[in-house]
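Reader: I have a structure open, and I'd like to learn how to read it. Can you walk me through it?

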Amino acid sequence: MQDNEPLMRALSKLIYLNNPDLVLFVGEALVGNDAVDQLSKFNQRLADLSTSPTTRLIDGILLTKFDTIDDKVGAALSMVYVSGAPVMFVGCGQSYTDLKKLNVKSIVKTLLK
């Protein structure tokens, strides 16, 4: 998607016209560090194609298939570091009710074991 200029231009215009409360990047946890590259390109395209005087970038990250990765969440940490945006939700199933707020404390406990 981030490489599709007409689609990214339309998305940038939608963000400008609708001024949403949140702009979330949705990515798959399974892709690992490729997600960092996708996120960087996505944010850069939003910046490049912005028609407003103040560029609106992503406000947060939603990672799907989070329940399928192991305890090492390096890609998620890298995405936060690169973008400065937090992981706000993780998908742990197939429906909207399976979207969960990320529990950072449990992730840190897992990493420290």
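Author: Helices (H or I, at least four residues) and strands (E, at least two) are DSSP runs, numbered from the N terminus. For a case, the bridge partner of valine 90 is lysine 100 in S4, and that of glycine 91 is leucine 99, also in S4. Strand S3 (residues 87–91) and S4 pair in the antiparallel sense over three bridges.

Reader: Before we go on, what kind of model is this?

Author: This is a predicted model, where local features need pLDDT of at least 70, side-chain atom pairs count only at pLDDT 80 or more, and totals for chains, interfaces and linings use all residues. Residues are numbered from 1 along each chain as its sequence is written, and side-chain values use heavy atoms, with hydrogens and water left out.

Reader: Back to the strands, then. In what order do the four strands of the sheet come?

Author: The sheet is open, with the order S1-S2-S3-S4 and mixed pairing. Strand S1 (24–28) and strand S4 (99–101) are the edge strands, each pairing on one side only.

Reader: Which strands does helix H3 lie across?

Author: Contact means heavy atoms within 4.5 Å. Helix H3 (residues 74–83) lies across S1, strand S2 (60–64) and S3, and runs at about 160° to S2. After H3 comes glycine 84, with a positive phi near 80°.

Reader: Which residues of H3 are buried?

Author: Buried means under 20% relative accessible area, exposed over 50%, and partly exposed in between (1.4 Å probe, protein chains only). In H3, the buried ones are Ala75, Ala76 and Met79. They cover an arc of only 100° around the axis (taken from the directions from the helix axis to the C-beta atoms), so they sit on the same side of H3. Their cover includes S1, helix H2 (34–49), S2 and S3.

Reader: And where is arginine 9?

Author: Arginine 9 is in helix H1 (residues 5–18). With 43% relative accessibility, arginine 9 counts as partly exposed.

Reader: How do I read a pair of aromatic rings?

Author: You use the distance of the centres and the angle of the planes. Rings of Phe, Tyr and Trp (its six-membered ring) pair if their centres lie within 6.5 Å; planes under 30 degrees apart count as stacked, over 60 as edge-to-face and the rest as tilted. That rule gives one aromatic pair here. The centres of the phenylalanine 25 and phenylalanine 42 rings are 5.3 Å apart and the planes are at 65°, so the pair is edge-to-face. Phenylalanine 25 lies in strand S1 and phenylalanine 42 in helix H2, 17 residues apart. Both are buried.

Reader: How many residues does the largest nonpolar core have?

Author: A nonpolar core is a set of buried Ala, Val, Leu, Ile, Met, Phe, Trp, Tyr and Cys residues joined through side-chain atoms within 4.5 Å. The largest one has 20 residues, and those with the most contacts inside it are Phe25, Ile58, Ile61, Leu63 and Met79. H2 gives the largest share, six residues.

Terms used
Two strands pair if DSSP finds at least two bridges between them. Axes are lines fitted to C-alpha atoms, for helices over the stretch in contact, and angles run from 0 to 180 degrees between N-to-C directions.
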